[in-house]
Amino acid sequence: MAPQVILYEGIPYFTPANNGGAAKDPKNPDTPTLFRPLKIRGLILKNRIMVAPMCMYSAQSDPSSPFVGALTNYHIAHLGHLALKGAGLIIIEATAVQPNGRITPNDSGLWQEGTESEQFQGLKRVVDFVHSQGAKIAIQLAHAGRKASTTAPWIAKEAGKGSLRAEESVGGWPSNVVGPSGGAEHIWAPGDGFWAPRELHTAEVEELVGAFARSAKLSVLAGVDAIEIYGAHGYLIGQFLSPVTNKRTDKYGGSFENRTRILREIAAAIRAVIPVDMPLFLRISATEWLDGKVPEFWDLPSSVALAKLLPELGIDFLDVSSGGNHKDQVIDTHTNYQIDLASKIRKEIRQAGQSTLVGAVGLITQADAASQIVQGAHIDEAEAAEAMLTGTQPEADAVLLGRQFLREADWVINAAKKLGVPFTAPWQLSPAV
């Protein structure tokens, strides 16, 4: 007799309840860590494979439209397909907490008040569908800072440019691009690709903290499983962290303590409005890659110092990337360049007796490599103790893939096959996999 197909409750149309990509026997000693569950606070992921947040520049840009910044059916198709194919966690692209926090006018946002807004409803539709496919979903809350009000990349490319400013005529906000510091010297790059930012007043920084909390609260109501604070790649929080872009003289500038204040306040504000058992993530650039370029910048020791503060901030997972805050960066792009950064930070965290989880991202394309990165991470106490003694600690606790999922949507299924892991296939795809 064929197994009964169970329908997913809560969606007003037919869809089987799927759980693709889950190992059929995750406790089997032969099951690689990559396909073992990962517990993050109260959240349990079926595997260690995450979809990194990727901007799609596919939201309504008209500021007068109720649909401005709202996720659409495109996002259901894009993210839902990856959920169907077995990813453990989907992270929604950078979602602006204020209108001027979008990178482009076509970015997603979550600043509209109330659960009847199109932004909320669009988010909820994506969340519900992803859940129906057996995946968990997080949202990356963000503010672009001085990198805001640019056009979608393909528009710039058609104009023969790497970046192109968005004028008011196309929904941009040239006079309201902001940063920790302002003026022409703080333009991200010379030319006509970016606007000169104005410096945020202290009261505006405090309001920004509240904006992150409001968006987080709406995210919880929409049903997300986790929230990520975007502090990487030269966007606003990263601009505050770096002495290169933060020249403020108030409580948000100067010392390491002051430059990290906005992040600490945002984390506290978010933690205050989300459930106790909901994980809070943070994405950082582990280094700005400015060795020999400037006298002081955000580097690996800065990231290690920040990482050791995360438990007291209620942050459970550190998503380690790099670069993006200065035009003169020189990135060492060997195959494992960011995995090495994640590994070094994780080792320092463990040596400090802390258990913050670490994610590795960047140029991860092959199943064997992904599996090796996390092998042995948080299996059980005995294996963890053995790893400490032998020095064979994993490099990360989870892997995040972005562009590889755009090239290969069924990466999880293919990885399970390559690693010899018996896995659960989605009902609709089972004859083919």
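In these legends to a predicted model, a residue is called exposed when its relative accessible area is over 50%, buried when that area is under 20%, and partly exposed in between.

**Figure 1. Helix α11, with its exposed and buried residues.** Helix α11 covers residues 367-374, and its buried residues are A367, A370, S371, I373 and V374. Seen down the axis of α11, these buried residues fall within an arc of 155°, so they line one face of the helix. On the other side of α11, D368 and Q372 are exposed. The cover over the buried residues of α11 includes two helices, α10 (337-351) and α14 (411-418), together with the strands β11 (357-361) and β12 (398-401). After α11 comes G376, whose phi is positive, near 85°.

**Figure 2. The largest nonpolar core and the surroundings of I227.** The largest nonpolar core holds 93 residues, and within this core I90 and I227 touch the most other members. Helix α4 (residues 202-222) supplies the largest share of this core, with nine residues. Apart from this core lies another one, of 16 residues, which includes M50, I91, V361 and L400. When its neighbours within four places in sequence are left aside, I227 is in contact with I139, L141, A216, S219 and V220, and also with I270, I274, M278, P279, L280 and F281.

Figure 3. Helix α7 is mostly covered, since eight of its 11 residues are buried. The buried residues in α7 are R261, I262, L263, I266, A267, A269, I270 and R271. R264 is also found in helix α7, which spans residues 261-271, but at 21% relative accessibility R264 counts as partly exposed, because the buried class is limited to values under 20%. Leaving aside its neighbours within four places in sequence, R264 is in contact with E257 and L313. Along the chain R264 and L313 are 49 residues apart, while their C-alpha atoms are separated by 6.5 Å.

**Figure 4. The largest pocket and the residues that line it.** The largest pocket has a volume of about 1,200 Å³. Its lining is made up of 45 residues, of which P53, Y230, H233, R283 and R403 are the closest to the centre of the pocket. At least two residues of this lining are supplied by each of α3 (153-158), α10, β12 and α13 (403-407), and α13 gives the most, with four residues. By residue class, the lining of the largest pocket divides into 23 nonpolar, 18 polar and four charged residues.

Figure 5. Rolling a probe the size of a water molecule over the atoms shows where empty space is left. In a search of the whole structure, five cavities of 30 Å³ or more are found, and about 100 Å³ of space lies in the largest cavity. Of the 13 residues that line the largest cavity, G231, G238, S285, E288 and W298 are the closest to its centre. The elements that give two or more residues to this lining are the helix α5 (236-241) and the strand β9 (280-285). The lining of the largest cavity divides into four nonpolar residues, eight polar residues and one charged residue.

Figure 6. R41 lies in the loop between β1 (38-40) and β2 (43-45). Phi of R41 is near 55°, which is a positive value in a residue other than glycine, and at 31% relative accessibility R41 counts as partly exposed. L363 is found in the loop between β11 and α11, and has a positive phi of about 60° although it is not a glycine. With a relative accessibility of 49%, L363 counts as partly exposed, because the exposed class takes in only values over 50%.

**Figure 7. E185 in the loop between β6 and β7.** The place of E185 is in the loop that runs between β6 (178-179) and β7 (198-199). E185 has a relative accessible area of 62% and is therefore exposed. The C-alpha atoms of E185 and T245 are separated by 9.6 Å, although these two residues are 60 residues apart along the chain.

Conventions
Residues numbered from 1 in each chain as written. Predicted model: local features only at pLDDT ≥ 70, side-chain atom pairs only at ≥ 80, totals over all residues. Heavy atoms only, no water. Core = buried A, V, L, I, M, F, W, Y, C linked by side-chain atoms within 4.5 Å. Buried < 20%, exposed > 50% of the residue type's maximum accessible area, 1.4 Å probe, protein only. Contact = heavy atoms within 4.5 Å. Arc of directions from axis to C-beta. 1 Å grid on protein atoms, 1.4 Å probe; cavity = no way out; pocket = protein on both sides within 12 Å on 5 of 7 lines; lining within 4 Å. Points joined across faces, edges and corners; volume = space filled by probe spheres on them. Nonpolar A, V, L, I, M, F, W, Y, C, P; charged D, E, K, R; others polar.
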